[in-house]
Amino acid sequence: MKCFDGLKIAAVVLCAGKGERTGLPYNKLLHGIGQKTVVEKTVETFINTGLFAEIVCAVSEADYGEIKSRLPSSVELCIGGDTRTDSVRRALAALSPDTDIVLIHDGARPFVSERIISDAIKSAMEYGSGIPAVAVVDSVKEVSDGRIIGSPDRSSLMSVQTPQAFSYREIADAYSRVDCATTDDSEIYRLAGYTPRIIRGEYTNRKITTAADVFMLSDGYKIGFGYDVHRFAPGRKLILGGVEIECDKGLLGHSDADVLTHAVMDAILSAAGLPDIGVLFPDTDPAYEGVSSMLLLSRIMKLAGEKNLRVLGLSCTVMAERPKLAKIIPDIRASLANALGIAFDSINVSATTTEKLGIVGDGAGMASAACVLLGT
Ligand code: MG
């Protein structure tokens with residue numbers, strides 16, 4: 001793309017948001033798409049165009065190290081602000097003052113195409129700005145108090161996306177004069193008296209916002225089932241899903257005998273087509289004596305990751321006559337969610353007795369079953 005030779009073009013990629021609507025316990029930009037994270041895939045598209053003299057990512061202090069380690073050294077990082085507007089202002093200030101055109105992009109739009117980038121730049125060269133937009137496909141309603149009170153004319157409405165391209169001089173001027181919280185840069189530009197120019201966006205250039213968006217990033221699914229039983233023994237700790245539970249007995253085993261985590265591990269290994277925990281961590285190996293099952297779980301997550309698989313959801317049951325587990329289940333869910341790197345709501349744990357029947361029913365032990373969904 002030699003057509004932009006001579007112009008100094010920069011990109012600002014916004015990566016400082018918390019992404020709370022995804023329910024992930026970490027920044028959604030660090031979520032995996034295939035072998036890469038969202039932020040890597042997003043930035044890679046900009047790099048691949050070969051058009052950018054400078055790329056600056058605005059990141060939070062908490063994610064600085066992680067994001068820095070995942071991006072090429074040519075990508076600069078700056079610490080973002082509390083709001084999107086603050087982050088943009090800081091990133092614009094970090095760019096070389098002789099920048100001609102800047103593209104401002106949401107880090108959570110990894111499916112941006114080189115075509116949009118190129119069209120946005122061309123529009124900014126000719127008109128001062130280039131804002132990708134798509135027609136609104138749903139019927140849009142004005143709502144008050146739970147009632148529909150109007151229907152705006154859809155033909156005049158568009159959804160705007162990023163990257164939004166601007167003359168650097170103009171957008172820097174707009175940000176220096178307009179201070180209000182908006183969700184996109186074309187509004188700041190417009191409020192400063194400029195007229196944003198629309199280019200053709202793409203429906204595939206979607207922004208990862210909700211838990212459903214994260215789920216849809218997978219292009220293949222595998223399910224796995226795991227089951228485990230351990231016998232009660234005095235003088236042992238009772239640990240379920242990494243949570244120590246008050247009880248006069250614990251479970252007997254070579255490791256910490258976390259019967260729930262064992263079922264979860266076998267479910268993951270089964271889905272990933274890997275050998276079970278008895279093969280991977282034999283109870284004849286002294287290395288695993290008393291070992292935390294959560295540590296073993298982290299190793300299994302790594303093995304699944306090497307096969308390009310990650311956990312999307314987990315459903316499990318603990319079978320025991322006692323102790324009663326209802327009160328501790330939220331802690332177990334949180335512990336497993338943290339270990340698996342997925343949302344609390346993507347995991348559930350139920351508990352049941354076996355009506356005094358069988359090895360669990362006679363109070364001699366506990367059993368667990370787990371069903372897991374893995375995605376690429
Ligand atoms: Mg076991």
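Helix α3 (residues 84-94) has as its buried residues Arg84, Thr85, Ser87, Val88, Ala91 and Leu92; buried means under 20% relative accessible area, with a 1.4 Å probe and protein chains only. These residues cover an arc of only 160° around the axis, which puts them on the same side of α3; the arc is that of the directions from the helix axis to the C-beta atoms. The model is predicted: local features need pLDDT of at least 70, side-chain atom pairs count only at pLDDT 80 or more, and totals for chains, interfaces and linings use all residues. Residues are numbered from 1 along each chain as its sequence is written, and side-chain values use heavy atoms, leaving out hydrogens and water.

**Helix α3**
- Among the elements that cover its buried residues are β1 (9-14), β4 (54-59) and α5 (168-177).
- Helices (H or I, at least four residues) and strands (E, at least two) are DSSP runs, numbered from the N terminus.

**The open sheet**
- Five strands form an open sheet in the order β16-β13-β19-β17-β18, with mixed pairing; two strands pair if DSSP finds at least two bridges between them.
- The edge strands, β16 (249-251) and β18 (347-352), each pair on one side only.
- Strands β17 (residues 310-319) and β18 run parallel and are joined by six bridges.
- Thr317 stands opposite Ser350 in β18.

**The magnesium ion**
- Its protein donors are Asp228 (OD), His230 (NE2) and His262 (ND1), at 2.0 to 2.2 Å; donors are N, O and S atoms within 2.8 Å of the metal (3.2 Å for Na, K and Ca), and water is not among the atoms, so sites may look incomplete.
- Because His230 lies in strand β13 and His262 in helix α8, the pair ties together parts that are 32 residues apart in sequence.
- Both His230 and His262 are buried.

Methods. Buried < 20%, exposed > 50% of the residue type's maximum accessible area, 1.4 Å probe, protein only. Contact = heavy atoms within 4.5 Å.
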